[in-house]
Amino acid sequence: MLAGKIAFVTGAGGGIGRATCQLLAKANAKIIASDCNVTSAKETIGILEGNGHMAIRIDVSNGKEVNDAFNNIIENYHTPPSIIVNAAGIIRDNFLLNLTEEDFDKVLNVNLKGTFLITQKACQHLVDAGKPGSIVNISSIVGKRGNRGQCNYASSKAAVETFSKSVAQEMARYNIRCNTVLPGFISTSMTEGVPDKVKDMFHSLIPLKRFGKPEEVAEVIKFLSSDASSYVTGTSIFVSGGLE
Ligand code: NAD
């Protein structure tokens with residue numbers, strides 16, 4: 001299904017990023033697994049089917065590292081990746097009255113600016129090479145509904161969605177699509193530390209009455225990455241068990 005395609009996945013050492021790498025590799029894509037924690041990206045590469053994959057360390061919020069990484073990829077594969085999945089993300093939760101400027105900036109820098117830097121660099125290379133592509137960005141249901149203790153994270157995720165819609169409009173003429181996935185509460189290291197009280201609150205609100213698995217998000221990312229979604233751009237898909 002994805003034979004001959006190169007997929008670049010950020011946050012590839014984390015729950016959703018790793019599950020995405022696994023599913024795309026199973027569909028015969030070559031995977032570039034990137035993470036600021038390169039050990040976890042290498043672990044991801046180690047469990048993938050097929051060959052021709054590589055792990056790289058990038059802090060997505062650092063423009064120079066992003067630039068160098070793309071040069072390194074093109075040197076290795078002689079073509080830019082045509083599938084980009086921006087799955088790197090962080091939380092630094094606190095209530096508004098206690099939230100520090102540092103934690104506000106950090107979350108916006110990784111979640112929003114990181115998505116911008118990777119998307120821009122990928123698009124520049126695709127346009128130069130005259131190749132089509134598909135970009136999948138990860139927002140969150142809290143980017144729609146807000147959440148107590150997450151005004152930094154929620155606003156970063158709302159911005160990721162409108163960023164993606166704008167990119168879709170600009171890049172359509174180059175046959176580069178850009179869509180957003182909005183996961184609900186997914187069991188990964190990001191949600192591991194959520195207090196039981198908050199987990200119970202979310203659980204009670206989810207119509208399907210369970211938390212999601214990273215593989216369930218990866219299935220939708222695979223759809224948006226592939227030609228099965230060739231007429232889909234600028235849209236957002238909830239993967240949230242019905243919670244909006
Ligand atoms: P995770 O913590 O398991 O994975 C996130 C990965 O991003 C980690 O491997 C981490 O090392 C990496 N990362 C963090 N900062 C980085 C940086 N500056 N540069 C490069 N990599 C960096 O979390 P996850 O649940 O797999 O989250 C994946 C994406 O899905 C995130 O954008 C997250 O906000 C989003 N999301 C998750 C949930 C959920 O319930 N788990 C819900 C909605 C959205």
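**Close-up views of a predicted model**

**View 1. Strand 1 is buried along its length.** In strand 1 (residues 6–10), 5 of the 5 residues are buried, so the strand is largely enclosed by the rest of the structure. Buried means under 20% relative accessible area, exposed over 50%, and partly exposed in between (1.4 Å probe, protein chains only). Strands (E, at least two residues) and helices (H or I, at least four) are DSSP runs, numbered from the N terminus. Ile 6, Phe 8 and Thr 10 cover one side of strand 1, Ala 7 and Val 9 the other, and all are buried. This is a predicted model: local features need pLDDT of at least 70, side-chain atom pairs count only at pLDDT 80 or more, and totals for chains, interfaces and linings use all residues. Residues are numbered from 1 along each chain as its sequence is written, and side-chain values use heavy atoms, with hydrogens and water left out.

View 2. Strands pair if DSSP finds at least two bridges between them. Strand 1 runs parallel to strand 2 (residues 30–35) over 5 bridges. Here Thr 10 has Ser 34 as its bridge partner. The chain passes from strand 1 through helix 1 to strand 2 in a right-handed β-α-β crossover. Right-handed means that, with the strands pointing away from the viewer, the path from the first strand over the helix to the second runs clockwise. Strand 1 is also parallel to strand 4 (residues 83–86), over 4 bridges. There, Thr 10 stands opposite Asn 86.

**View 3. The ligand sits in a shell of 28 residues.** The closest are Ile 16, Asp 35, Tyr 153, Ile 186 and Thr 188. The shell holds 14 nonpolar, 11 polar and 3 charged residues. Helix 7 gives the most, with 3 residues.

View 4. Alone, the ligand exposes 820 Å², and the protein buries 91% of that. These areas come from the Shrake-Rupley method with a 1.4 Å probe.

**View 5. Lys 26 lies in helix 1.** Lys 26 counts as exposed because its relative accessibility is 55%. Thr 180 is 154 residues from Lys 26 in sequence and 22 Å away in space, C-alpha to C-alpha.

How values were computed: Near = heavy atom within 4 Å. Nonpolar A, V, L, I, M, F, W, Y, C, P; charged D, E, K, R; others polar.
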